[in-house]
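Please walk through this structure with me.

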Amino acid sequence: MTIYAPDRVLAASNWVGRRAPRKEDARHLYGRARFLDDLPFEGGAIAILRSPHPHARIVSVDTSRALADPRVLAVVTGEDVRRETSPVASRSVTAPVTQYVMAVDKVRWVGEPVVAIAAVDMFAAKDALDLVDVEYEPLPSVADVDAALAGDAPLIYDDIDSNVLVHDEIAHGPMAQAFDDAAFVVRETYRVGRFSSTPLEPYALTVAYDANNEVYDVVANDQQPARSIGNITKALGVPTANVRLSVPESGGSFGIKLAIWPYALIGCLLAKRAGRPLKWIQTRTEHMLGGTHTPDVKMEMELPVGADGKILAMRLRSKENDGAFIHTAGIYGLIKFATAVGPYTIGAASIDLMSVVTNRGPVVQNRGVGKPAMTFALERSVDRAARRLGMDPAEFRLRNMVPPEAMPYTTPAGEIYESGDYPETMRRALELGRYREFREKQAVARAEGRLLGIGLSAGIEPGTSNIGYYSLLKGTTDYNGSSEGAVVGIEVDGQVTVRTGSVDTGQGHETTICQVVADMLGITPEDISFDTFFDSTRSPYTGQSGAYSNRFNDVEVGAVITATERVRAKVRTLAAYLLEAKEEDLVLGDRAVHVAGDASRSVAFGELAKVAYNKVVLLPPDMEPGLRVMAYYRNPMAKPPDRGDFNVQLTHSNSVHVVVVEVDKGTGMLDFLKYAIVHDCGRQLNPAVVEGMAIGSTVHGIGGALLEEFQYDDAANPLATSFQTYLKPVAQTVPRIELGHLESPCPYTLLGTKATGEGGSITSLAAIGNAVEDALSPYGVQVNSLPITPEKILRGIRDGAPV
Amino acid sequence: MTDLGTRTATPTVRVNGEDVTGEVPARMLLVHYLRENAGRTGVHVGCDSGNCGACTVLLDGAPVKSCMVLAAQASGREVTTVDGLDAPCVPALRRAFVEHAAIQCGYCTPGMLTNATALLRDDPHPDEDAIRAALKGNLCMCTGYQQIVDAVAAAAAEGEEASR
Ligand code: FES
Ligand code: FES
């Protein structure tokens, strides 16, 4: 099947593929953008009292002193939440655990909401937190998966008899055979710490309750409002139309802003009580405590390899520390099974996934979801295998990569790698990263006693979620992320308007969509008004609309194209009728329809729209009035849930990172001498936007590899609650990233596009780990965990301990 | 209620050339004063520990994190926010931010631009290391900094061109 049809879709080639300047930029450069806290607002403020204990029984909550403060408008406790909302529905957990959006009976993580207060302003709300009296009875707590799985571990959910929420094995291909045939097996245990993309703008929302219509009006910087509406209305037990959710400009999301809805729900309860609009702006400290994280994970990987240097299978046992929030528990383990074989022709794969509850904060999808850690484990093991064979790691990878002639290639689980030339990507990356030259330099450096290391990593970056992996556990098809909606219209003045069911959180959607529509209608991006303000009462969302899973380029653009095609078809039919011409003789350009070769015969878009909306008597007798079209689009490659044959995601970009580092023996610090990436994300709609995504996601990975970790002590008290103790990459410390492109059009998207927002996060961790281990090889130090801190490096150099 | 909670202050802060006066809680931070009392919502809040730079403004010409200053402390002083930047290098910086795709979500942009303005005003020809050092107090979670650094370098080069 081929969906790729640029010649059919595009009528001109003036904008698509160009570095068009972003339409979004001016408002930011003059401080005129309207993020949530910038919107006009009259009302009170919300502050949240959070648990100081990792695990404790709530003996009593007394809010009377707070309620006596005249500045306090309303108070909501966990008991209120239990009475007035239904419990949190987990997407994949079938065990009978009950949890609410606030602590009820007991607290399970430091930072869990215990009481929420609305007051006349922010100061008053925060002051009133001191007036709430909560008595806790501390309970034993656990911070990591091994402790949580120990026989005597305290139970975090009283309704089940272990701290395991999900445990499953998903296996495909002849595993036993692979182990029998193997010349050797690489076995290793890896750990990746908790980190997060920490969007610069934390969560923010306002809620107003309209008592006359019983409507909750929520404005939030939510990246998947479609799902939040479902969650909130279900929890409140009200019809869809009784919650309106809008999304203004948002200061970054990266998956982290998929978890705002619990706070919106708390806001709804408060706003109804307070009788006036309320605003909640999450503080950075609150964000670091629980707003939210990628799970830390322990992965045991086995890689049986044949004597000929072929990887025969991949077996992974992964234990995700999913903290204590059941909504998204299990996702990091589940999402990776279908692409766990990376870019290689590995014939058998098995993932034993375990979602473990601890007293750490909640987890939610973060840039790359599970695949960064998985790729770290695979690409570290691939390096080990190459070393075992005495083979150059580049050569070993080339030998195992899916060859271009095998495309489209189906992985053992059923994922379809649709196009790409993986070996060529590797070859070009080696060239761009000057791999051979650095190998020579490395020999010289080693002779001088310097620690120079070169790391490679090859990654697959999937896009557009089929989400059905949840269904594999539950046996139902509740969710699917492969559709999106759009409305495209031509207004009476000839202006083209576009709105979608999704949101933009910094990815340049407005610009890119305007480029596509411009070339479809022969106009310019300036002729188009794109509505950046999502509003559930008018935005054409589908159940899983939103900005996540690299789906924009595929289904959101697909929905806009589908709607625009229908508008265009109607425009042509109407113009042919009015001009008394044949449709096939018509061309579009300059906000008008022209008869080719006859300059005197044309009709402007505005005139067509006037006929369509106003002078409807002039329409062809059988034509419906109006020039606006709502269309929904889906990527048809999504397979229904089937454990034996399933594609988790629907498009696949690929990349190779080449990293050269030098480690300072004295300080354990490292310096990047080279960071080169060659990636293939299919056809690029706007290369400048794509580069920004590739570089930004890579720097996110650099943070996770070297700096960032939400550390906890053994009792699960958080140790990194601000940017003082949780270190982010800064301009001074990140390397310059050189980027090369291949363009293998995706056959399954209309314009041949593929994913581009997460690739760097997925592939970088392993490249850096491999480079550091290579640098430390004179000491025989292994890199098995992230982040790689100077302290760990120094310990490795001193006593050979693995990093 | 603590004393801190009730005490007020009435600062007069000169914001982009206009005096802004108001009675506010004494504990109010300058960043909130600028946003709420002066309507300068381009000044953003990204942390509560002075580590992100989203709130950067010029205070008597020097780049300062306005979340680390009380509104009362800024009384009688001059503040320039992103929308009031008027140094000669500013138009070139704005153009370069667009040309180099230095903006994604834009939340860090006002702080970055303000800091870059102070840099180019004081050092019109910074090399890449100097640019990266100058921007190290401004976190950007989206771009990985490279395109921002390139934009500042391009604006500096344009200034160099013009001064020849
Ligand atoms: S808000 Fe001022 S430095 Fe972060
Ligand atoms: S552009 Fe989003 S934080 Fe910099």
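Contact here means heavy atoms within 4.5 Å. By that rule, the contact takes 51 residues from chain A and 47 residues from chain B. This is a predicted model, in which local features need pLDDT of at least 70, side-chain atom pairs count only at pLDDT 80 or more, and totals for chains, interfaces and linings use all residues. Residues are numbered from 1 along each chain as its sequence is written, chains are lettered from A and ligands numbered from 1 in the order in which they are written, and side-chain values use heavy atoms, with hydrogens and water left out.

How much area do chain A and chain B bury between them? The figure is about 4100 Å², with 59% of it on carbon and sulfur atoms. Buried area is the accessible area (1.4 Å probe) that two parts lose on being put together, summed over both. On the chain A side, L29(A), L200(A) and R736(A) lose the most area to chain B. Together they make up 19% of what that side buries.

Five salt bridges cross the interface of chain A and chain B. A salt bridge is a side-chain nitrogen of Lys or Arg within 4 Å of a carboxyl oxygen of Asp or Glu. D127(A) and R27(B) form a salt bridge through their side chains, at 2.7 Å, N to O. Chain A and chain B also share 21 residue pairs in polar contact (both at pLDDT 80 or more). A polar contact is a pair of N or O atoms within 3.5 Å; within protein, one must be able to donate a hydrogen and the other to accept it, and residues adjacent in sequence count only if both atoms are side-chain atoms.

Which elements give two or more residues to the side of chain A that touches chain B? They are α2 (25-29), α5 (122-129), α10 (284-290) and α20 (687-706) of chain A. α20(A) gives the most, with seven residues. Helices (H or I, at least four residues) and strands (E, at least two) are DSSP runs, numbered from the N terminus.

Turn to chain B. Its domain assignment gives domain 1 (4-81) and domain 2 (90-163); such bounds come from an automatic or database assignment. The contact takes 14 residues from domain 1 of chain B and eleven residues from domain 2 of chain B. These domains bury about 960 Å² between them, 55% of it on carbon and sulfur atoms. The salt bridge count between them is zero. Seven residue pairs are in polar contact across this interface (both at pLDDT 80 or more). On the domain 1 side, β5(B) gives the most, with three residues.
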